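Here is a short briefing for a reader who is meeting this structure for the first time. Please look over the sequence and the model before reading on.

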Amino acid sequence: MEPVYRQANEQSIATGSVISFALISFLSIFREGAETIIFYARMAPYMELKQLMSGIFLAILLLAAVGFVMLRYSVKLPMTLFFKVATILIYALAFKILGVSIHSLQVSQVIQTNTISTFPFAETIGLYPTMETLVPQAVLILLIALAAIWVKKSNSLRTAE
C-alpha cells in the first residue's frame, strides 16, 4: 500500500469514519483502473478491435463471476487459500512479463542475445533460452523464495510470542 494511502487508512481506522474508508477504497480502485486504461491504450493500436473487445468482455464476465462468488460465499470461502492462489498467479505473471519484455528488447536489438542451445523454449510462460532472460528470471525466483522464507519466519516468531 502506498504511504499516503496507508496514513489515510490508519487515520480512518482511528476515527472509524465510514466516509474515509469509502473514499480510500474508491481512490485505490480508481488508481488501479487508471493504470489498466493506460495499459490498454498502449496495447490497443496493435490489436484488432475484435480481440480488444472480446478481451474486455471476458474480463468483465470473469470479474462479475468472481465478485458474485465472493459476495455470495465470502463467509464460506477460505480467504487464505484465495490469497495464496492469487499470489502464485501474480508471481507467474511477473515471471512471464520479465521474460517477454527482455525478449522483446532482444528482438528489437536493443540488447544482445546469448542463446543457450540446450535450454528449452516455452513462449507461453515467457521462458526463452538466453542468458539475458534467464538470469533476471532466476533472480526473481530467488527473491520470491527469500520473501517466502522471511514471511514464514516472521509468522512463526509472531505465533511464538
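**Pockets and a helix pair**

The second largest pocket holds about 410 Å³ of space, where a pocket is an open set of points on a 1 Å grid over the protein atoms alone that fit a 1.4 Å probe and have protein on both sides within 12 Å along at least five of seven lines, and a volume is the space filled by probe spheres set on the points. This is a predicted model, in which local features need pLDDT of at least 70 and side-chain atom pairs count only at pLDDT 80 or more, while totals for chains, interfaces and linings use all residues. Residues are numbered from 1 along each chain as its sequence is written, and side-chain values use heavy atoms, with hydrogens and water left out.

**Second largest pocket**

- Helices α4 and α5 each supply at least two residues of its lining, helices being DSSP runs (H or I, at least four residues) numbered from the N terminus.

**Largest pocket**

- The largest pocket has a volume of about 500 Å³, and of the 16 residues that line it, Thr 36, Tyr 40, Ala 59, Leu 63 and Leu 93 lie nearest its centre.
- Two or more lining residues come from each of α2 (18-43), α3 (49-73) and α4, and α3 gives the most, with seven residues.

**Helices α4 and α5**

- The axes of α4 (residues 79-107) and α5 (residues 131-160), which are lines fitted to C-alpha atoms over the stretch in contact, come within 9 Å and cross at roughly 160°.
- The two helices are therefore roughly antiparallel to each other, a term for angles over 145 degrees.
- Their contact (heavy atoms within 4.5 Å) includes Phe 95 and Leu 98 of α4 and Pro 136 and Leu 140 of α5.

Conventions: Axes fitted to C-alpha atoms, helices over the stretch in contact; angles between N-to-C directions. Parallel < 35°, antiparallel > 145°, perpendicular 65-115°, else oblique. 1 Å grid on protein atoms, 1.4 Å probe; cavity = no way out; pocket = protein on both sides within 12 Å on 5 of 7 lines; lining within 4 Å.
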